[in-house]
Amino acid sequence: MRKSGKIIAELFAILLTVILFIIPFYFILINSFKNSREASKMNLQWPNVFQILDNYREVIQAQDYMLIRAFFNSAFITVVSIVILVFVCAMAGFILQRRKSKPLTIVHFLFLAGLMIPPAVVPTIWVLNGIGMFKTMAGLILIEVAINIPFAIILYSGFVATIPREIDEAALVDGAGSLNFFFRMILPLLKPVTSTIIVLTSVNVFNDFVNPLYFLPGAENATAQLTLYNFMSLYNTSYNLLFADVVLLTIPPLLLFLIFNKRIVAGMTAGAVKG
Amino acid sequence: MKSTKSLYSYGFLLPAGIIFFIFFLLPTIVSFFFSMTRWTLTDWEFIGLDNFIMFFKESSLNIGFRNTFIYAVMTSGTKVVLGLLLAVLLTSGIRSKDFLRSVVFFPTLISTIAVGITFSYLMHPSRGLINTALAALGIQGPNWLGDPALAIYSVGLVDIWKGVGFATVIYIAGMMSIPADYYEAVDIDGGNAFRKFWHITLPLIRPAMNSVIILSFIGGLRTFDLVWTMTKGGPGFSSDLIASIIYKQYQGGFYGLSTAGNVILFVIVAVLAFPLYRFLTKREVDL
C-alpha cells in the first residue's frame, strides 16, 4: 500500500515537472519549425508544413548576418574576460588567504561587498568615457571581469585554504621567486576551482544583457543577447523566426550543461554555501 | 631562515584590485556625488537632494519602491519554500531524481531574455498556452501581463520558474553534508520522517537556507532584464522596478536622476540585505 502510494507520488512529480519545465522548451522548438501563419496560433500542435531550414537560414542571414557577428562578439568577450578573470583572481585569492593583516581584511571586505552592491550605471559610463573605453569591447570586457571578481575571489581563496603551506616552505628552500612559485606550483593546483569558475562565468557573461545594453550600444558590436532583444521588435509578427533565434541562443548553454552538468552544480553550491 | 611571506607578494593583489577599483568601486563612489547634480556627463550642476525628492514625490518613480519590494519578497520567499520542498523530494530516493534535478536546474542557465520572450508568448491573454490550458479546465485566465494590477506578479512567477532550480541545488548540497548517523539516531528513538525533517534537516541546512534567502532577495532587488523584456515596466508604470526606472531615466538623458536611483538601490540593499545577512548568520547551528 505504501509502496504504490510512493509510485503515484513520483509519477505526479514527473508529470508536474514535464508540464512546468519541458513544455515551454517544446513550445519554442516546435514553433520555430512552423511557418509564420501557423506559429501565430501559439499552440503545441505538430506543424502542417515544416519550414525548418528556411526559418533558421533567414534568422542567420538577417541584417547582413548580424547573428553570426553577434555570436562571434559574445564568444570573444566571454573568452577574453574569463582568461583575465582567472589570472587576476587566482593571484588575489591566493594572497588574501595566505596573508592576514588589518588592511587586507578591508580589501577582502570590499571585494565581498561587490556581491551585494548594485553597480552604478551612469557613473560607470562616465568612467569609461574618461578613459576612452565607452562603446568598446575592451571596456565591456573589463566591466565583466570587475563584476565577476568577487565570486571568483571567494572560490579561489576558499580553495587555497585546502593547499598545505608545506608546499610553500619547500618552494622557499628551493629558492623560488614569488611569481615563479605561483605560476609553476600554485596555479596548477587550483585547476578544479578554475574549471568551475570557467563554466559558471562563461554562462554569466554569455547570457549577460544589462551590461552590453548600457556599455556597448550600437548595432556593429551587438552581442548575442542584444540581437535577440532587437529581434523581438523586428519579428513581432513572425514568431517562428523569433523562436528560431531563441533556440540558437539556447544551444551554447545547453552544450555546456550537457558536458559539465555535475561540475556546474558542485561549483554553484560551493560558492553559494561558503559565501 | 627566510619567511614564506616573501612568496606572498602584495603585488599579486594589484591586477584584480585595479580592475575592481576602476570599473566598480570608483563608479560607486562618484555616484553619491553625481546623484546630487543635474548631469550631462560632460557638465554638472549641483542641485542638492532635488533628485531624491523627485524620486519620492513623482508617482511614476516612487512606484518603483513598492514594486521592487513586492518583487524581491515574493520571488525570494517562494524560492526559499519551494526550493526546500523540491530538494526534500529530490533527495528522498525516488528513481527519477537525476532527471528531475537536471530539468529543474536547466532554466538557471538559459538567458533571461530568452525566458522573458518565451513566457510573454505563453502568457498571451487570448492565444497563450497558459490561458488556453486554463480555459480547457473551465477557468477564465487573466491578462497576465496586460493587467496593471497583475503584471509585476506575473513577471515574478517567471522569475521563480527560472530561479527555483538554483535554490534547490543549494539545498541539496546542504542536505548531502548532513552525516547519516544523525538520522539513524532518530530511527533508534523511533522518530518518523517528519521528526527527521524538523529536528535534523531543518536546523542543519540553515547555512544553505541563508544563502538562498540572501542571494535571491538581493537578486530580486536588483532585477532588471526580465521585467524589461516582458513588460518594459508597463502597462503604464505599473510594473516598473527601481532598476528599470534607472534605465528609463538614463535613456531620457536624466543622468543625475538615474544615478540617484542607483544610490537609492544601494541604500536599500545596505539597509535591508546587509542586516538580514548578519541576523541570519548569527543563528546558524554548527555541525
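Helices (H or I, at least four residues) and strands (E, at least two) are taken here as DSSP runs, numbered from the N terminus. This is a predicted model, in which local features need pLDDT of at least 70 and side-chain atom pairs count only at pLDDT 80 or more, whereas totals for chains, interfaces and linings use all residues. Residues are numbered from 1 along each chain as its sequence is written, and chains are lettered from A and ligands numbered from 1 in the order in which they are written. The predictor gives the complex an ipTM of 0.89 and a pTM of 0.90.

**Annotated spans of chain B**

- UniProt, in an unreviewed entry, places "domain: ABC transmembrane type-1" at residues 65-276 of chain B; UniProt positions are given in the numbering used here, feature names are shortened, and annotations may be inferred rather than shown by experiment.
- That span, residues 65-276 of chain B, is 74% helix and 0% strand, and its end C-alpha atoms lie 18 Å apart.
- The unreviewed UniProt entry also places the feature "transmembrane region" at several stretches of chain B, among them residues 69-91 and 204-224.
- Residues 69-91 of chain B are 96% helix and 0% strand, with end C-alpha atoms 33 Å apart, while residues 204-224 of chain B are 86% helix and 0% strand, with end C-alpha atoms 34 Å apart.

**Helix packing in chain B**

- The axes of H12(B) (residues 242-251) and H13(B) (residues 255-282) come within 7 Å and cross at roughly 165°, where axes are lines fitted to C-alpha atoms, for helices over the stretch in contact, and angles run from 0 to 180 degrees between N-to-C directions.
- H12(B) and H13(B) are therefore roughly antiparallel to each other, given that angles under 35 degrees count as roughly parallel, over 145 as roughly antiparallel, 65 to 115 as roughly perpendicular and the rest as oblique.
- The contact of H12(B) with H13(B) has nine nonpolar, four polar and no charged residues; Ala, Val, Leu, Ile, Met, Phe, Trp, Tyr, Cys and Pro count as nonpolar, Asp, Glu, Lys and Arg as charged, and the others, Gly among them, as polar.
- H10(B) (residues 206-222) packs against H13(B) at an angle of about 175°, with the axes 10 Å apart, which makes H10(B) roughly antiparallel to H13(B).
- The residues of the contact of H10(B) with H13(B) divide into 12 nonpolar, two polar and no charged.
- The axes of H3(B) (residues 59-90) and H7(B) (residues 151-176) come within 6 Å and cross at roughly 40°, so that H3(B) is oblique to H7(B).
- The contact of H3(B) with H7(B) comprises 17 nonpolar, seven polar and two charged residues.

**Interface between the chains**

- In chain A, 74 residues are in contact with 73 residues of chain B, contact being counted if the C-beta atoms of two residues, placed from the backbone, lie within 7 Å.
- Helix H12 (residues 239-274) of chain A contributes 13 residues, the largest share of the side of chain A that touches chain B.
- That side of chain A has 56 nonpolar, 11 polar and seven charged residues.

**Backbone details**

- Most residues other than glycine have a negative phi, and most peptide bonds are trans.
- A cis peptide bond, with omega about -5°, joins B:Gly234 and B:Pro235, and B:Pro235 lies in the loop between helix H11 (225-230) and H12 of chain B.
- A:Met42, although not a glycine, has a positive phi of about 55°, and A:Met42 is placed in the loop between helix H2 (36-39) and helix H3 (52-98) of chain A.
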